[in-house]
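Dear colleague,

I am handing over the structure below, and my notes on its side-chain contacts follow it. Please read them alongside the model.

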Amino acid sequence: MSKPDYSGTFNMVEQTNMDSYLGALDINFALRKIVCLLSPSKEITHDPASGAMRIRTLTTFKNFNMDFTIGKEFTEDLGPVDGRTCQTTVSWEGDNLLCVQKGEKEGRGWTHWLEGDKLHLEMRVAGITAKQVFKKA
């Protein structure tokens with residue numbers, strides 16, 4: 001069975017528990033407050049045939065690009081987020097994208113899934129979970 005194509009532009013419509021998640025990443029108080037006020041959008045390009053994917057997270061404060069091939073481990077530079085690097089693998093779990101980030105923080109990763117015109121993102125670190133929901137533009 002073919003996997004879903006995640007390509008598109010999505011704008012955030014909902015966010016929960018982001019401050020606690022950022023605190024678990026040791027992000028300072030002032031930066032956490034700024035990040036929690038942002039309304040990011042995501043631009044995703046995905047080639048289902050090759051597994052190549054690019055996720056651009058865009059805000060008025062800072063942008064973050066993630067380029068990878070599904071199923072292949074790579075070194076991810078999380079400098080724009082928390083100053084760390086980690087070994088990252090994004091793979092399929094059913095129709096969901098499951099990301100495992102191995103590094104200084106235990107249990108770090110995320111899951112993306114599509115429901116209709118909405119893109120869901122669940123972020124995890126050290127037992128803390130935050131969630132964002134984006135709507136296709």
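With which residue does Arg54 form a salt bridge? The partner is Asp67, and the closest N and O atoms are 2.9 Å apart, where a salt bridge is a side-chain nitrogen of Lys or Arg within 4 Å of a carboxyl oxygen of Asp or Glu. Arg54 lies in strand β3 (residues 52-58) and Asp67 in strand β4 (residues 64-69), strands being DSSP runs of E of at least two residues and helices runs of H or I of at least four, numbered from the N terminus.

This is a predicted model, in which local features need pLDDT of at least 70 and side-chain atom pairs count only at pLDDT 80 or more, while totals for chains, interfaces and linings use all residues. Residues are numbered from 1 along each chain as its sequence is written, and side-chain values use heavy atoms, with hydrogens and water left out.

The structure holds nine salt bridges, among them the one between Arg84 and Asp26, at 3.0 Å from N to O. That pair links strand β6 with the loop between α1 and α2, 58 residues apart. Arg84 is buried at 11% relative accessibility, whereas Asp26 is exposed at 52% (buried means under 20% relative accessible area, exposed over 50%, partly exposed in between, with a 1.4 Å probe and protein chains only).

Another salt bridge joins Arg32 to Asp19, with the closest N and O atoms 3.1 Å apart. Because Arg32 lies in helix α2 and Asp19 in helix α1, the pair ties together parts that are 13 residues apart in sequence.

With kind regards
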